[in-house]
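Biologist: Could you take a close look at one part of this model for me? I'd like the surface side of things, then how that part sits in the whole.

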Amino acid sequence: ERMFIPLLTGKAAQLMGNPDLPHTYTYVPDIGRALVMLGANDAAFGQAWHVPSAETLTPRQFVSLIAQEAGVDPKISPLPKWLIPLLGLLMPPLRGFGELLYQFEEPFIVDASKFEKTFGTIATPLPEAVRATVQWYRQHQLPPA
C-alpha cells in the first residue's frame with residue numbers, strides 16, 4: 001500500500017531505509033503456493049524454508065518497475081527513521097515496524113535455493129507480478145477519481 005497506491009494515484013511511493021540497497025520482494029501468490037507445497041510434504045516438517053522470489057533488485061528499481069507498468073513517473077518519498085516510532089503511536093498497525101527496519105537499512109536478500117532444489121522454481125517474474133498487482137489495485141483499492 002505504501003508503494004502501489006501512492007504511485008497509482010500520482011503521488012510518491014513511501015519507502016523506509018536506503019532505496020538503493022538490494023531487497024528481495026516476494027509475490028503473495030508465490031507465498032501461498034509455497035506454503036501449500038510445504039504443507040503437503042511430510043519431509044518439509046521441522047525445517048526452515050525460504051519462499052522462492054524473483055530476482056532481487058533495489059526499492060528504487062522496484063518503484064521504477066511499478067511506475068513503468070502503471071504509466072506514471074517513479075516518485076519516491078523516503079520515510080525518515082525517526083518518524084516511524086512516532087507513526088506507531090498514532091497508527092497501531094505500524095507499532096512493530098521499528099523492529100523490521102533492518103530489512104531496509106542493509107541488503108535484504110532471500111536465498112531460496114533449498115526450496116528450489118527440493119520443489120523446483122515457482123517464483124513469478126517481477127514484471128508479471130507487478131502487472132497483476134497494478135491491475136488488482138486498479139480494480140479494488142484505488143479511491144474514486
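**The nonpolar patch**

Modeller: Trp82, Leu86, Leu89, Leu90 and Met91 together make a nonpolar surface patch of about 620 Å². Areas are Shrake-Rupley with a 1.4 Å probe, and for residues only the protein chains shown count as cover.

Keep in mind that this is a predicted model, where local features need pLDDT of at least 70, side-chain atom pairs count only at pLDDT 80 or more, and totals for chains, interfaces and linings use all residues. Numbering runs from 1 along each chain as its sequence is written, and side-chain values use heavy atoms, leaving out hydrogens and water.

Now Met91: it sits in the loop between α4 (83-90) and α5 (102-105). Helices here are DSSP runs of H or I, at least four residues, and strands are E runs of at least two, numbered from the N terminus. Met91 has 41% relative accessibility, so it counts as partly exposed, the class between buried (under 20%) and exposed (over 50%).

For contrast, take Ser113 in helix α6 (residues 113-119), partly exposed at 29%. Ser113 is 24 residues from Leu89 in sequence, and their C-alphas are 39 Å apart.

Zooming out, the protein has seven helices and two strands, in the order α-β-α-α-β-α-α-α-α. Of its 145 residues, 36% are buried.

Notes:
Patches are made of residues with over 30% relative accessible area and no salt bridge: like charges are joined within 9 Å, nonpolar side chains (Val, Leu, Ile, Met, Phe, Trp, Tyr) within 5 Å. A salt bridge is a side-chain nitrogen of Lys or Arg within 4 Å of a carboxyl oxygen of Asp or Glu. Buried means under 20% relative accessible area, exposed over 50%, partly exposed in between (1.4 Å probe, protein chains only).
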